[in-house]
Amino acid sequence: MRILRWVMVVLLLTTLVRAADQAAPAADGRTTFLATDLFLDMGGASLGAYQVEVNAPHSLLVGVEGGALAGFREAPIYDPAALSHGRVIVAAFHVGGASPQGRIRVARLHWQLPAGVDPAEITARLVVATDAAGNMLQPTLRVAPFAGDRP
Amino acid sequence: MTIPDDHLPPRLQDALRQAYRTNEPFSADRDAVVLAAFRPARRRWIPLSAAAGIALLLTGGLLFHLASSPGAAPAYARTGDIRDAFYVARELAAGQQVAGDWDANHDGRVDDGDVRQLAMLAVRVSP
(Lines give C-alpha, C1' and ligand atoms only; values in the text may rest on other atoms or scores of the structure.)
Protein backbone atom coordinates (compact mmCIF):
# COMPACT_ATOMS: atom_id res chain seq x y z
CA MET A 1 0.00 0.00 0.00
CA ARG A 2 2.81 2.38 0.91
CA ILE A 3 4.66 1.55 -2.27
CA LEU A 4 1.54 2.26 -4.32
CA ARG A 5 1.16 5.64 -2.63
CA TRP A 6 4.75 6.56 -3.48
CA VAL A 7 4.27 5.50 -7.08
CA MET A 8 1.22 7.73 -7.34
CA VAL A 9 3.08 10.70 -5.86
CA VAL A 10 5.97 10.24 -8.30
CA LEU A 11 3.56 9.98 -11.24
CA LEU A 12 1.74 13.12 -10.13
CA LEU A 13 4.98 15.08 -9.74
CA THR A 14 6.19 13.91 -13.14
CA THR A 15 2.94 15.03 -14.76
CA LEU A 16 3.07 18.42 -13.07
CA VAL A 17 6.69 19.04 -14.07
CA ARG A 18 5.95 18.06 -17.67
CA ALA A 19 2.88 20.33 -17.82
CA ALA A 20 4.80 23.25 -16.36
CA ASP A 21 7.59 22.71 -18.86
CA GLN A 22 5.14 22.85 -21.75
CA ALA A 23 3.12 25.82 -20.56
CA ALA A 24 5.71 28.22 -19.22
CA PRO A 25 7.72 30.37 -21.55
CA ALA A 26 11.15 28.97 -22.00
CA ALA A 27 14.02 31.00 -20.66
CA ASP A 28 15.65 31.19 -24.06
CA GLY A 29 12.53 32.73 -25.59
CA ARG A 30 11.38 29.74 -27.59
CA THR A 31 7.77 30.29 -26.54
CA THR A 32 5.89 33.51 -26.00
CA PHE A 33 2.40 34.24 -24.83
CA LEU A 34 0.21 36.89 -26.33
CA ALA A 35 -3.32 38.17 -25.75
CA THR A 36 -5.31 39.55 -28.64
CA ASP A 37 -8.44 41.64 -28.34
CA LEU A 38 -11.39 41.43 -30.71
CA PHE A 39 -13.10 44.75 -31.31
CA LEU A 40 -16.34 45.39 -33.14
CA ASP A 41 -17.00 48.93 -34.25
CA MET A 42 -20.77 49.18 -34.25
CA GLY A 43 -21.04 52.84 -35.12
CA GLY A 44 -24.47 53.98 -34.02
CA ALA A 45 -25.96 50.48 -33.97
CA SER A 46 -26.30 48.35 -30.86
CA LEU A 47 -24.82 44.88 -30.67
CA GLY A 48 -27.17 41.98 -30.03
CA ALA A 49 -25.11 39.00 -31.17
CA TYR A 50 -21.87 38.27 -32.94
CA GLN A 51 -19.83 35.33 -34.17
CA VAL A 52 -16.18 35.57 -35.15
CA GLU A 53 -13.79 32.95 -36.46
CA VAL A 54 -10.15 33.40 -35.48
CA ASN A 55 -7.27 31.61 -37.15
CA ALA A 56 -3.72 31.36 -35.89
CA PRO A 57 -2.19 28.56 -37.95
CA HIS A 58 1.04 28.24 -35.96
CA SER A 59 -0.17 29.23 -32.50
CA LEU A 60 -2.11 27.53 -29.74
CA LEU A 61 -5.16 28.97 -28.06
CA VAL A 62 -4.75 28.76 -24.30
CA GLY A 63 -7.57 30.90 -22.97
CA VAL A 64 -10.68 32.93 -23.78
CA GLU A 65 -11.96 35.94 -21.88
CA GLY A 66 -15.04 38.07 -22.28
CA GLY A 67 -15.36 41.64 -23.38
CA ALA A 68 -15.45 44.98 -21.71
CA LEU A 69 -19.06 46.13 -21.74
CA ALA A 70 -22.24 44.95 -20.09
CA GLY A 71 -23.85 42.08 -21.91
CA PHE A 72 -20.56 40.83 -23.29
CA ARG A 73 -18.38 40.63 -20.17
CA GLU A 74 -18.69 36.89 -19.81
CA ALA A 75 -16.41 34.71 -21.86
CA PRO A 76 -17.95 34.09 -25.27
CA ILE A 77 -19.16 30.66 -26.25
CA TYR A 78 -16.49 28.52 -27.89
CA ASP A 79 -15.74 24.88 -28.45
CA PRO A 80 -13.32 23.66 -25.75
CA ALA A 81 -11.84 21.45 -28.45
CA ALA A 82 -10.38 24.66 -29.89
CA LEU A 83 -7.99 24.92 -26.94
CA SER A 84 -4.49 23.90 -27.92
CA HIS A 85 -5.41 24.50 -31.55
CA GLY A 86 -4.99 27.37 -33.94
CA ARG A 87 -8.60 27.91 -34.89
CA VAL A 88 -11.49 29.00 -32.73
CA ILE A 89 -15.00 30.31 -33.29
CA VAL A 90 -16.27 32.61 -30.58
CA ALA A 91 -19.81 33.90 -30.28
CA ALA A 92 -21.99 35.70 -27.78
CA PHE A 93 -25.35 37.39 -27.58
CA HIS A 94 -27.17 39.65 -25.22
CA VAL A 95 -30.88 39.46 -24.44
CA GLY A 96 -32.63 42.07 -22.35
CA GLY A 97 -31.35 45.40 -21.18
CA ALA A 98 -29.48 47.97 -23.18
CA SER A 99 -27.11 46.69 -25.82
CA PRO A 100 -23.72 48.36 -26.18
CA GLN A 101 -22.93 50.67 -29.05
CA GLY A 102 -19.80 52.14 -30.57
CA ARG A 103 -16.44 50.40 -30.44
CA ILE A 104 -16.76 47.31 -28.28
CA ARG A 105 -14.13 44.87 -27.10
CA VAL A 106 -16.08 41.64 -27.30
CA ALA A 107 -13.42 39.10 -26.38
CA ARG A 108 -9.79 38.58 -25.46
CA LEU A 109 -7.95 35.48 -26.63
CA HIS A 110 -4.74 34.15 -25.14
CA TRP A 111 -2.23 32.42 -27.37
CA GLN A 112 0.96 30.48 -27.04
CA LEU A 113 3.30 31.35 -29.87
CA PRO A 114 6.22 29.11 -30.75
CA ALA A 115 9.53 30.71 -31.64
CA GLY A 116 9.55 32.67 -34.85
CA VAL A 117 5.77 32.97 -35.16
CA ASP A 118 4.60 36.42 -36.11
CA PRO A 119 1.58 37.58 -34.07
CA ALA A 120 0.31 39.16 -37.27
CA GLU A 121 -0.52 35.63 -38.40
CA ILE A 122 -3.52 35.77 -36.09
CA THR A 123 -6.44 36.78 -38.25
CA ALA A 124 -10.16 37.03 -37.65
CA ARG A 125 -13.25 36.93 -39.80
CA LEU A 126 -16.65 38.23 -38.84
CA VAL A 127 -19.18 35.46 -39.41
CA VAL A 128 -22.25 37.40 -38.37
CA ALA A 129 -23.38 40.31 -36.24
CA THR A 130 -26.88 41.47 -35.44
CA ASP A 131 -28.59 44.13 -33.44
CA ALA A 132 -30.80 43.35 -30.45
CA ALA A 133 -33.72 42.47 -32.72
CA GLY A 134 -31.69 40.04 -34.81
CA ASN A 135 -31.26 42.33 -37.81
CA MET A 136 -28.03 41.84 -39.71
CA LEU A 137 -25.25 44.37 -39.20
CA GLN A 138 -21.87 44.86 -40.81
CA PRO A 139 -19.62 46.22 -38.08
CA THR A 140 -15.89 46.57 -38.58
CA LEU A 141 -13.89 43.80 -36.90
CA ARG A 142 -10.39 44.49 -35.65
CA VAL A 143 -7.86 42.21 -33.97
CA ALA A 144 -5.29 43.98 -31.83
CA PRO A 145 -2.66 42.76 -29.38
CA PHE A 146 -3.66 43.39 -25.79
CA ALA A 147 -2.01 46.65 -24.84
CA GLY A 148 -2.64 46.93 -21.13
CA ASP A 149 -5.76 47.37 -19.09
CA ARG A 150 -8.16 49.55 -20.93
CA PRO A 151 -11.70 48.92 -22.05
CA MET B 1 -48.38 22.64 -93.91
CA THR B 2 -51.13 24.54 -95.73
CA ILE B 3 -51.34 24.35 -99.49
CA PRO B 4 -53.18 27.25 -101.11
CA ASP B 5 -56.26 26.26 -103.06
CA ASP B 6 -54.92 27.68 -106.29
CA HIS B 7 -52.14 25.08 -106.18
CA LEU B 8 -54.69 22.32 -106.54
CA PRO B 9 -55.93 21.31 -109.93
CA PRO B 10 -59.36 22.86 -110.66
CA ARG B 11 -60.98 19.45 -110.96
CA LEU B 12 -59.74 18.38 -107.57
CA GLN B 13 -60.97 21.65 -106.06
CA ASP B 14 -64.44 21.04 -107.47
CA ALA B 15 -64.45 17.46 -106.21
CA LEU B 16 -63.52 18.58 -102.73
CA ARG B 17 -66.21 21.25 -102.67
CA GLN B 18 -68.77 18.64 -103.72
CA ALA B 19 -67.61 16.20 -101.09
CA TYR B 20 -68.01 18.66 -98.21
CA ARG B 21 -71.05 20.51 -99.45
CA THR B 22 -73.81 20.64 -96.91
CA ASN B 23 -77.35 19.99 -97.97
CA GLU B 24 -78.86 22.10 -95.21
CA PRO B 25 -77.85 25.72 -95.21
CA PHE B 26 -77.31 27.25 -91.77
CA SER B 27 -80.01 29.68 -90.92
CA ALA B 28 -79.82 32.78 -88.71
CA ASP B 29 -82.27 31.09 -86.34
CA ARG B 30 -79.84 28.31 -85.61
CA ASP B 31 -77.16 30.85 -84.64
CA ALA B 32 -79.62 32.48 -82.29
CA VAL B 33 -80.49 29.12 -80.69
CA VAL B 34 -76.84 28.26 -80.16
CA LEU B 35 -76.06 31.66 -78.67
CA ALA B 36 -79.08 31.53 -76.40
CA ALA B 37 -78.01 28.16 -75.11
CA PHE B 38 -74.48 29.38 -74.43
CA ARG B 39 -75.23 32.73 -72.74
CA PRO B 40 -76.84 31.43 -69.51
CA ALA B 41 -73.87 29.14 -68.88
CA ARG B 42 -71.48 32.00 -69.39
CA ARG B 43 -73.51 34.19 -67.03
CA ARG B 44 -73.35 31.51 -64.33
CA TRP B 45 -69.56 31.70 -64.29
CA ILE B 46 -69.45 35.45 -63.77
CA PRO B 47 -70.72 35.50 -60.15
CA LEU B 48 -68.74 32.36 -59.31
CA SER B 49 -65.52 33.89 -60.61
CA ALA B 50 -66.22 37.12 -58.77
CA ALA B 51 -66.88 35.26 -55.52
CA ALA B 52 -63.68 33.24 -55.90
CA GLY B 53 -61.69 36.42 -56.57
CA ILE B 54 -63.14 38.17 -53.52
CA ALA B 55 -62.45 35.12 -51.36
CA LEU B 56 -58.88 35.04 -52.60
CA LEU B 57 -58.40 38.72 -51.85
CA LEU B 58 -59.88 38.35 -48.37
CA THR B 59 -57.66 35.35 -47.57
CA GLY B 60 -54.55 37.15 -48.80
CA GLY B 61 -55.45 40.24 -46.82
CA LEU B 62 -56.03 38.22 -43.67
CA LEU B 63 -52.71 36.40 -44.00
CA PHE B 64 -50.88 39.68 -44.61
CA HIS B 65 -52.57 41.24 -41.60
CA LEU B 66 -51.62 38.31 -39.35
CA ALA B 67 -48.02 38.35 -40.55
CA SER B 68 -47.59 42.08 -40.14
CA SER B 69 -49.42 42.58 -36.85
CA PRO B 70 -47.15 43.61 -33.95
CA GLY B 71 -47.83 40.50 -31.87
CA ALA B 72 -46.97 38.07 -34.61
CA ALA B 73 -43.63 36.29 -34.45
CA PRO B 74 -41.62 37.04 -37.58
CA ALA B 75 -40.69 34.09 -39.71
CA TYR B 76 -37.19 32.89 -38.93
CA ALA B 77 -35.16 30.44 -40.93
CA ARG B 78 -32.33 28.47 -39.38
CA THR B 79 -28.85 29.74 -40.16
CA GLY B 80 -26.64 27.33 -38.24
CA ASP B 81 -24.75 30.18 -36.62
CA ILE B 82 -25.25 32.05 -33.37
CA ARG B 83 -28.44 33.65 -34.69
CA ASP B 84 -30.31 30.41 -34.01
CA ALA B 85 -29.46 30.46 -30.30
CA PHE B 86 -30.08 34.20 -30.18
CA TYR B 87 -33.49 33.78 -31.77
CA VAL B 88 -34.62 31.09 -29.32
CA ALA B 89 -33.21 33.08 -26.37
CA ARG B 90 -35.15 36.16 -27.47
CA GLU B 91 -38.36 34.19 -27.93
CA LEU B 92 -38.02 32.56 -24.50
CA ALA B 93 -37.22 35.90 -22.87
CA ALA B 94 -40.31 37.41 -24.47
CA GLY B 95 -42.45 34.56 -23.17
CA GLN B 96 -43.29 33.38 -26.67
CA GLN B 97 -44.20 29.82 -27.47
CA VAL B 98 -41.22 28.31 -29.29
CA ALA B 99 -41.82 25.61 -31.90
CA GLY B 100 -40.89 22.12 -30.84
CA ASP B 101 -38.38 21.67 -33.64
CA TRP B 102 -36.03 23.96 -31.70
CA ASP B 103 -35.66 21.23 -29.08
CA ALA B 104 -31.98 20.85 -29.93
CA ASN B 105 -31.10 18.61 -27.00
CA HIS B 106 -34.18 16.41 -27.50
CA ASP B 107 -35.35 16.60 -23.90
CA GLY B 108 -38.96 17.22 -24.87
CA ARG B 109 -39.05 20.96 -24.20
CA VAL B 110 -37.49 24.15 -25.54
CA ASP B 111 -35.59 26.02 -22.85
CA ASP B 112 -32.19 27.50 -21.97
CA GLY B 113 -30.59 24.10 -22.48
CA ASP B 114 -31.53 24.28 -26.15
CA VAL B 115 -30.13 27.80 -26.39
CA ARG B 116 -26.80 26.51 -25.05
CA GLN B 117 -26.91 23.54 -27.38
CA LEU B 118 -27.60 25.71 -30.42
CA ALA B 119 -24.82 28.08 -29.42
CA MET B 120 -22.37 25.21 -29.06
CA LEU B 121 -23.36 23.89 -32.48
CA ALA B 122 -22.61 27.32 -33.92
CA VAL B 123 -19.05 27.47 -32.58
CA ARG B 124 -18.12 23.82 -32.98
CA VAL B 125 -14.69 23.28 -34.49
CA SER B 126 -14.33 19.59 -33.79
CA PRO B 127 -15.77 17.23 -36.40
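Is Phe86(B) buried or exposed? With a relative accessibility of 0%, Phe86(B) counts as buried, the classes being buried under 20% relative accessible area, exposed over 50% and partly exposed in between (1.4 Å probe, protein chains only).

The structure is a predicted model, in which local features need pLDDT of at least 70 and side-chain atom pairs count only at pLDDT 80 or more, while totals for chains, interfaces and linings use all residues. Residues are numbered from 1 along each chain as its sequence is written, chains are lettered from A and ligands numbered from 1 in the order in which they are written, and side-chain values use heavy atoms, with hydrogens and water left out.

**View 1. The interface of chain B and chain A.** Chain A contributes 26 residues to the contact and chain B 16 residues, contact meaning heavy atoms within 4.5 Å. About 1500 Å² is buried between the two chains, and carbon and sulfur atoms give 75% of this area; buried area is the accessible area (1.4 Å probe) that two parts lose on being put together, summed over both. Of the area that chain B buries against chain A, 41% is supplied by Ile82(B), Phe86(B) and Val125(B), more than by any other three residues. Zero salt bridges are found across this interface, a salt bridge being a side-chain nitrogen of Lys or Arg within 4 Å of a carboxyl oxygen of Asp or Glu. Five residue pairs, with both residues at pLDDT 80 or more, are in polar contact between chain B and chain A. A polar contact is a pair of N or O atoms within 3.5 Å; within protein, one must be able to donate a hydrogen and the other to accept it, and residues adjacent in sequence count only if both atoms are side-chain atoms.

**View 2. The side of chain B that touches chain A.** Helix H3 (82–93) and helix H4 (112–123) of chain B each supply at least two residues of this side. Helices (H or I, at least four residues) and strands (E, at least two) are DSSP runs, numbered from the N terminus. H3(B) gives the largest share, seven residues. By class, the residues of this side are 11 nonpolar, one polar and four charged; Ala, Val, Leu, Ile, Met, Phe, Trp, Tyr, Cys and Pro count as nonpolar, Asp, Glu, Lys and Arg as charged, and the others, Gly among them, as polar.

**View 3. Aromatic pairs.** Five aromatic pairs are found over all chains. Rings of Phe, Tyr and Trp (its six-membered ring) pair if their centres lie within 6.5 Å; planes under 30 degrees apart count as stacked, over 60 as edge-to-face and the rest as tilted. Phe93(A) and Phe86(B) form a tilted pair, at 5.6 Å centre to centre and 35° between the planes. This pair joins two chains, because Phe93(A) lies in strand S4 of chain A and Phe86(B) in helix H3 of chain B. Tyr76(B) and Tyr87(B) are stacked, with 4.3 Å centre to centre and 5° between the planes. Tyr76(B) lies in the loop between helix H2 (28–68) and H3 of chain B and Tyr87(B) in helix H3, so the pair ties together parts that are 11 residues apart in sequence. Tyr76(B) is partly exposed at 27% relative accessible area, whereas Tyr87(B) is buried at 12%. Ring pairs link Tyr76(B), Tyr87(B) and Trp102(B) into a cluster.

**View 4. Salt bridges around Glu53(A).** The count over all chains is six salt bridges. One of them pairs Arg87(A) with Glu53(A) (2.9 Å, N to O); Arg87(A) is in strand S4 (residues 87–93) and Glu53(A) in strand S2 (residues 49–55) of chain A, 34 residues apart. Glu53(A) is buried at 11% relative accessibility, and Arg87(A) is partly exposed at 32%. Glu53(A) also forms a salt bridge with Arg125(A) (2.9 Å, N to O). Arg125(A) lies in strand S6 (residues 123–130) and Glu53(A) in strand S2, so this pair ties together parts that are 72 residues apart in sequence. Arg125(A) is partly exposed, with a relative accessible area of 47%.

View 5. Arg17(B) and Asp14(B) meet in a salt bridge (3.6 Å, N to O). Both residues lie in helix H1 (residues 10–19) of chain B, three residues apart, about one turn of the helix. Arg17(B), at 48% relative accessibility, counts as partly exposed, as does Asp14(B) at 45%.
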